[in-house]
Amino acid sequence: MSDANATKAVAVVPEAPIGPATVAVSDIHVRYRVPSADRAARAAVPKPVRIANRLLGRSPQVLVRALSGVSFVARSGESVGVIGRNGSGKSTLLRIMAGLETPARGTVMAQSNPVLLGVNAALIPNLPGEQNVRLGLLAMGKSPEETERMLPDVIDLAGIGKAIYLPMRTYSSGMASRLRFAIAAASRPDILLIDEALTTGDAAFRDRSEQKMTELRKQAGTVFLVSHAARTIEETCTRAIWIHQGKIVADGTATETAAAFGRWARCIAQGDETKAESLMRDAVEAYAPAQISFTSAPRESNPPRHAILRR
C-alpha cells in the first residue's frame, strides 16, 4: 500500500462513564524561595537584602512561582493527563493534590484520599521487591490475607521478572517506578496520581498499565498522569491539562491538547521561537479558566487537602 493511501493508526482510549466531581482545585498558588547564581536575578534583590545576605553568609535567593492560579474540576471516570515541559509545575500540582505540600493560596477538595505513586507505599531499599510489595499493600490498609491474595497480580503487573526477588536498591529508576505503580494500582484507589511512571517500561508494561487505568476509571475512579510526552498522554488519557510556567495553557480532550502541546514543543526544539509564541498565544486565548465555588464550608469530616494559608 502506498504512503498516499496509508492511514495513520490512532490510539483509542476505552471510554468510561463520567460521573460526579472527585477533585476540585481552586486558585492554587505555590511559591518557593531558592538560591540562584543568576546575576540578573541577584541584582534584582533589594540592596539591603543583599547586604544582609552577605553579613549572614546566606546564598542569594529568588522567588519562584511554581503554580499561579491553577483551577479545574476532575470527575469520576476521567483519566487526566497533565502535560508540560520539565519545570512547568506538573509534579508540584500532584504533590499539592496529594496533601504533601501546602499552597501559598487556594483550596483543593477531594472526595477521598488521593494515592500518589511512589509516596504512599513505604518501600525499603534493602528489602527485595516481593517484600516491599507486601509492605506497600499493608501500608495502604490491606489485611495480611488480602496482601497474599493480591501479591501475584502486583508482581505480574510490574513485569520486572526475577528482579522481584532482589533488593530494591539494585533496581533502575524505571523498575522501581513500575513496581510502585503496580502496588498503587492494586489498592484500587478512587483517585490515583501517577508521575511519569508509564514512560519507563516496555510495550507490554504500557499495555498492562493502560488496561489497569481503564479498570480504575470504570470503577468510578479518577486517574491523573503527569508526563512531558504528548504521545503517552494521547494513548492513555481522555482529557489533558497543559501547564506552562505554573499556569494552565489549555484544558480539553487528550488528543487535541496533547497535539497542541506537541506542535509547540517541536517548534521549540527546532528553534522556531516566533511560531512557538504564536501557538502558545492561540492556546491561551482559546482557554477558558474554570470558575469554581464551594456551595458550603468544608465540614470537619471532609476538610480541604491542606491547611490553607492566606498571604
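Phe-224 is located in strand β7 (residues 222–227); strands (E, at least two residues) and helices (H or I, at least four) are DSSP runs numbered from the N terminus. The model is predicted, so that local features require pLDDT of at least 70 and side-chain atom pairs count only at pLDDT 80 or more, whereas totals for chains, interfaces and linings use all residues. Residues are numbered from 1 along each chain as its sequence is written, and side-chain values use heavy atoms, with hydrogens and water left out.

Phe-224 counts as buried because its relative accessibility is 0% (buried, under 20% relative accessible area; exposed, over 50%; partly exposed, in between; 1.4 Å probe, protein chains only). Beyond its neighbours within four places in sequence, Phe-224 is in contact with Val-23, Phe-72, Ala-74, Val-80, Val-82, Met-97, Ile-191, Leu-192, Leu-193 and Ile-194 (contact, heavy atoms within 4.5 Å). The C-alpha atoms of Phe-224 and Ile-191 are 7.8 Å apart, although 33 residues separate the two along the chain.

The largest nonpolar core comprises 47 residues, and those with the most contacts inside it are Val-133, Leu-179, Phe-181, Ile-233 and Trp-242. Such a core is a set of buried Ala, Val, Leu, Ile, Met, Phe, Trp, Tyr and Cys residues joined through side-chain atoms within 4.5 Å. Helix α6 (residues 173–186) supplies the largest share of this core, 8 residues. Another core, of 27 residues, lies apart from it and includes Leu-67, Ala-74, Ala-98 and Ala-110.

Ile-51 belongs to helix α2 (residues 47–56) and counts as partly exposed because its relative accessibility is 33%.
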